[in-house]
Number of protein chains: 2
Amino acid sequence: MAAQTSPPATAPDGRTADGTAPGATPDPAADHTPDRTPDHPADRASGRPPGLRERKKQRTRDALVHAAHGLFLTQGFAGTTVDEIAAVVDVSQRTFFRYFANKDEVALAVMADAEDYFIECLRRRPAEENPLQALRAAIVQSWRDLGSGDLGGPGSITSALELVRLIEETPTLLAAHLRRITQQERIVVTVIAEREGLDPAEDLRPTVLAAVFGSVLRSAHLSWCDDQEKCGPEAMITLIERHFDQLGPALAGDWRH
Amino acid sequence: MAAQTSPPATAPDGRTADGTAPGATPDPAADHTPDRTPDHPADRASGRPPGLRERKKQRTRDALVHAAHGLFLTQGFAGTTVDEIAAVVDVSQRTFFRYFANKDEVALAVMADAEDYFIECLRRRPAEENPLQALRAAIVQSWRDLGSGDLGGPGSITSALELVRLIEETPTLLAAHLRRITQQERIVVTVIAEREGLDPAEDLRPTVLAAVFGSVLRSAHLSWCDDQEKCGPEAMITLIERHFDQLGPALAGDWRH
DNA sequence: GCAGATTATGTCAGCCACTGACATTCGGCA
DNA sequence: TGCCGAATGTCAGTGGCTGACATAATCTGC
């Protein structure tokens, strides 16, 4: 876990991953966000330090993420079974599924933490910056922060970057990731709207901006993946900047001045 | 099938949906596009009209899409099993999977046709239009074309619109759909690059533009889904236009002039 | 029209992701 | 110490998806 983000202490508790009850017209209650960090009442940084139970849970979760990460990187995502992951950590398969709604979720866990940190950064951007500036600064800052003080452990930049590649290579993961991204975008919309004192239902700009921002980011990720050798956070930051710089030109009327 | 797009005559043939062979480092050969329309050599509008075999295949495929569509809309996506779909058309489950790589694919088949038609429209836009204009015009035109002359059958606008809603309501489908979209974006990149005589590896503008275009579109879709009552293609077109109009303002420096 | 090559389909057996139900064990707390 | 609730394990079952093989259709050249 990167030093900046308070580790999401996820508790195993019931949520239905994705499958919806049969016999329902157009899928009722479909959008179960699998709820990372449920944070039971009376947890969440309440004065009391977490008890043994809490710590144990966190350790198990970390171990699962770590084991999964290792296996995925060596055997591929599809080539790794949940049983294997569980076996490494020495828990039952059933327990695995109490921590993660599905196989995708373990893989994306590290990414998810990084995204949370980005949101944090965005919230802290000074009010003078205009929305686009704030977004751009926040994403660069978050990569940079995660890059420095990298411990190499799970949740580190290294992991996150390896993950970007794994995701882009694995169709299932890519799909799941893209879905997560769109949820993150909704948060971005509300943050931006708050900053500017707008109602997103009235003014479409936050929505559109968030969408554009997300897509430019992903372009940069893709570009980073294609470019072998260019690893490391700096390369990623450079690419992000470069892609953002092309936003204006791309939307400009005339490309062949 | 909408009158405009030549019905993709898909042949059941081997492809691996998603799962990758075990024992592979970071998933080799990962990006198997499940290959709609494989078009065996010597098919593809060769003078010879399609034989009985070809026609039968097409009929089976259409029947599967139609049956699936109906079941999904009444029972939900998760609430419908592949066996049920196959049973309606009276083929074996195995046969189903020879036509579609997975359950997602049947659901997205109609959408996929509409997207193909959009690409066709884009290719036909006059060279005078600048890239953004061309994209915008093409998407509006494709919705409009599909809207007129709607037969209400499978592949019609009605189906496509119902589908947009189903997708947005069903996490699994949404994920799969988003992934398809990104593939479609790659095509858009090459089309735009050709139009402007650019090398997408050199000039980032096509890539960035395609990404932005895709994300704005999806915003519009989402907005259309939220807005109950406002059904029909016209409403969709209006929303698309409105979202595009916010592109400039959203990226502009100052939001509180 | 008929043999023989192709190709679509069915059957079967099996892997794996995922879930509900119930029993057991373990940590928190009086 | 003893009770309560939460975490875990076990088990059995469903459903998506695949490989292998046999069978039944089409298509081909004659």
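Which pattern does chain A follow, read along the sequence? I read it as α-α-α-α-α-α-α-α-α-α, and I counted 10 helices and zero strands in chain A, where helices (H or I, at least four residues) and strands (E, at least two) are DSSP runs numbered from the N terminus.

**Conventions.** I am working with a predicted model, in which local features need pLDDT of at least 70 and side-chain atom pairs count only at pLDDT 80 or more, while totals for chains, interfaces and linings use all residues. I number residues from 1 along each chain as its sequence is written, and I letter chains from A and number ligands from 1 in the order in which they are written.

**Chain A as a whole.** I looked up burial and found that 38% of the 257 residues of chain A count as buried; a residue is buried if 20 or more other C-beta atoms lie within 10 Å of its own, exposed if 12 or fewer, and partly exposed in between, with C-beta atoms placed from the backbone. I then looked up contacts, two residues being in contact if their C-beta atoms, placed from the backbone, lie within 7 Å. Among contacts in chain A between residues at least 6 apart in sequence, I noted that 64% join residues at least 24 apart.

**Helix 9 of chain A.** I checked the length of this helix, residues 232–245, whose 14 residues should span 20 Å at 1.5 Å a residue, and the 21 Å between its end C-alpha atoms agrees with that; the expected span is 1.5 Å times one less than the number of residues. I listed its buried residues as M236(A), L239(A), I240(A), H243(A) and F244(A). Seen down the helix axis, these buried residues fall within an arc of 130 degrees, so they line one face of helix 9 of chain A; the arc is that of the directions from the helix axis to the C-beta atoms. As background I recalled that an α-helix has 3.6 residues a turn, so residues three or four places apart point the same way. I also looked up the partners of the buried residues, which pack against helix 5 (131–147), helix 8 (205–226) and helix 10 (247–251) of chain A, together with helix 8 (205–226) of chain B.

**Helix 8 of chain B.** I found that this helix has 22 residues and reaches 32 Å from its first C-alpha to its last, close to the 32 Å expected at 1.5 Å a residue. I noted that helix 8 of chain B is mostly covered, with 18 of its 22 residues buried. Its axis and that of helix 9 (residues 232–245) of chain B come within 9 Å and cross at roughly 130 degrees, axes being lines fitted to C-alpha atoms, for helices over the stretch in contact, and angles running from 0 to 180 degrees between N-to-C directions. That makes helix 8 of chain B oblique to helix 9 of chain B; angles under 35 degrees count as roughly parallel, over 145 as roughly antiparallel, 65 to 115 as roughly perpendicular and the rest as oblique.

**Helices 4 and 5 of chain B.** I looked up helix 4 (residues 103–124) and helix 5 (residues 131–147) of chain B, whose axes come within 8 Å and cross at roughly 130 degrees. Helix 4 and helix 5 of chain B are therefore oblique to each other. I noted that residues of helix 4 of chain B, among them Y117(B) and F118(B), meet residues of helix 5 of chain B, including L135(B) and I139(B).

**Single residues.** I placed L71(A) in helix 1 (residues 52–75) of chain A, where L71(A) counts as partly exposed with 19 C-beta neighbours inside 10 Å. Leaving out residues up to four places away in sequence, I found that L71(A) touches T80(A), E84(A) and I85(A).

I placed A175(B) in helix 7 (residues 171–196) of chain B, and A175(B) counts as buried with 24 C-beta neighbours inside 10 Å. With residues up to four places away in sequence left out, A175(B) touches A175(A), A176(A), L178(A) and R179(A).

I found D90(A) in the loop between helix 2 (82–89) and helix 3 (93–99) of chain A, with a positive phi near 65 degrees in a residue other than glycine. D90(A) is exposed, with 10 other C-beta atoms within 10 Å.
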